[in-house]
Amino acid sequence: MQVLKAPPSGWPCLVLNADFRPLSYYPLSLWPWQEVIKAVFLDRVDVVSTYDQEVHSPSFAMKLPSVVSLKSYVAQDRPPAFTRFNLFLRDSFSCQYCRAGEDLTFDHVIPRSRGGRTTWENIVTACARCNLQKGGRTPHEAHMHPRLKPRRPSAYELQERGRKFPPHHLHESWLDYLYWDIELEA
């Protein structure tokens, strides 16, 4: 991970919930500067930190926000959407059969041809090689069992998992608001 003194391209802004925690860790909750300016004028956010860069109109100048917090708390307890990204995040971006992290796809544990459904409880992340090797067989028939039993994750679990995959670059003004609630090592 690289900490930048200069702002990342596009002047993104870290968005914090009203409790000053990021709305999301992975992907990191970033808004483009245009959306942030609109939110500031609509009085939906408080500016916490700014870049040195300013935007101007004929009668107004404002430094671009680098960190904002929402004025109203957004509950994070809604169930996560069943998406490919969230599935990969649940399974830590690794094949549940061989732990590979490349060429990922998903596998129906109980094959669709055998009545398996496309649900959190029947889908795991698999590399293309393992998916092909397992084919239309059950885990017992293929002698291939997922490392973890597939299940619906909570939003909290996905947030925790996302912390393990930080973005490639962070602006220094964001650091005080990221990972501050992680238990420190002795």
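View 1. A residue counts as buried when its relative accessible area is under 20%. In this predicted model, lysine 134 has a relative accessible area of 0%, so lysine 134 is buried. You will find this lysine in helix 3, which spans residues 128–134. Setting aside neighbours within four places in sequence, lysine 134 is in contact with Tyr97, Asp107, His108, Val109, Pro111, Pro139, Ala142 and Met144.

**View 2. The largest nonpolar core, with 14 residues.** Here we look at the residues with the most contacts inside this core: Phe93, Cys95, Tyr97, Leu104, Cys127, Cys130 and Met144. Two elements give two or more residues to the core, namely helix 2 (84–90) and strand 7 (123–127). Strand 7 supplies the largest share, 3 residues. Apart from this core lies another one, of 13 residues, including Tyr25, Leu28, Ile37 and Tyr177.

**View 3. Cysteine 130 and its contacts.** Which residues does cysteine 130 contact, leaving aside its neighbours within four places in sequence? They are Cys95, Tyr97, Cys98 and Met144.

View 4. How many disulfides does a search of the whole structure find? The search finds 0. Take cysteine 98 as an example: the nearest cysteine sulfur, that of cysteine 130, is 3.7 Å away, and cysteine 98 is in no disulfide. A disulfide needs two cysteine sulfur atoms within 2.5 Å. Cysteine 98 has a relative accessible area of 32% and is therefore partly exposed. Elsewhere, cysteine 13 has a relative accessibility of 0%, so cysteine 13 counts as buried.

**View 5. One aromatic cluster formed by Phe85, Phe88 and Phe93.** A pair of aromatic rings is described by the distance of the centres and the angle of the planes. Phenylalanine 85 and phenylalanine 93 form an edge-to-face pair, 5.9 Å centre to centre, with 65 degrees between the planes. The rings of phenylalanine 88 and phenylalanine 93 have centres 6.4 Å apart and planes at 65 degrees, so this pair is edge-to-face too.

View 6. Strand 2 (residues 13–16) and strand 5 (residues 60–70) run parallel and are joined by 3 bridges. As one point to look for, valine 15 has valine 68 of strand 5 as its bridge partner.

**View 7. Serine 72, in the loop between strand 5 and helix 2.** Is this serine buried or exposed? Its relative accessible area is 53%, so serine 72 is exposed. Not counting residues up to four places away in sequence, serine 72 touches Asn17 and Ala18. Serine 72 and aspartate 19 are 53 residues apart in sequence, and their C-alpha atoms are 9.2 Å apart in space.

Terms used. Residues are numbered from 1 along each chain as its sequence is written. This is a predicted model: local features need pLDDT of at least 70, side-chain atom pairs count only at pLDDT 80 or more; totals for chains, interfaces and linings use all residues. Side-chain values use heavy atoms; hydrogens and water are left out. A nonpolar core is a set of buried Ala, Val, Leu, Ile, Met, Phe, Trp, Tyr and Cys residues joined through side-chain atoms within 4.5 Å. Buried means under 20% relative accessible area, exposed over 50%, partly exposed in between (1.4 Å probe, protein chains only). Helices (H or I, at least four residues) and strands (E, at least two) are DSSP runs, numbered from the N terminus. Contact means heavy atoms within 4.5 Å. Rings of Phe, Tyr and Trp (its six-membered ring) pair if their centres lie within 6.5 Å; planes under 30 degrees apart count as stacked, over 60 as edge-to-face and the rest as tilted. Two strands pair if DSSP finds at least two bridges between them.
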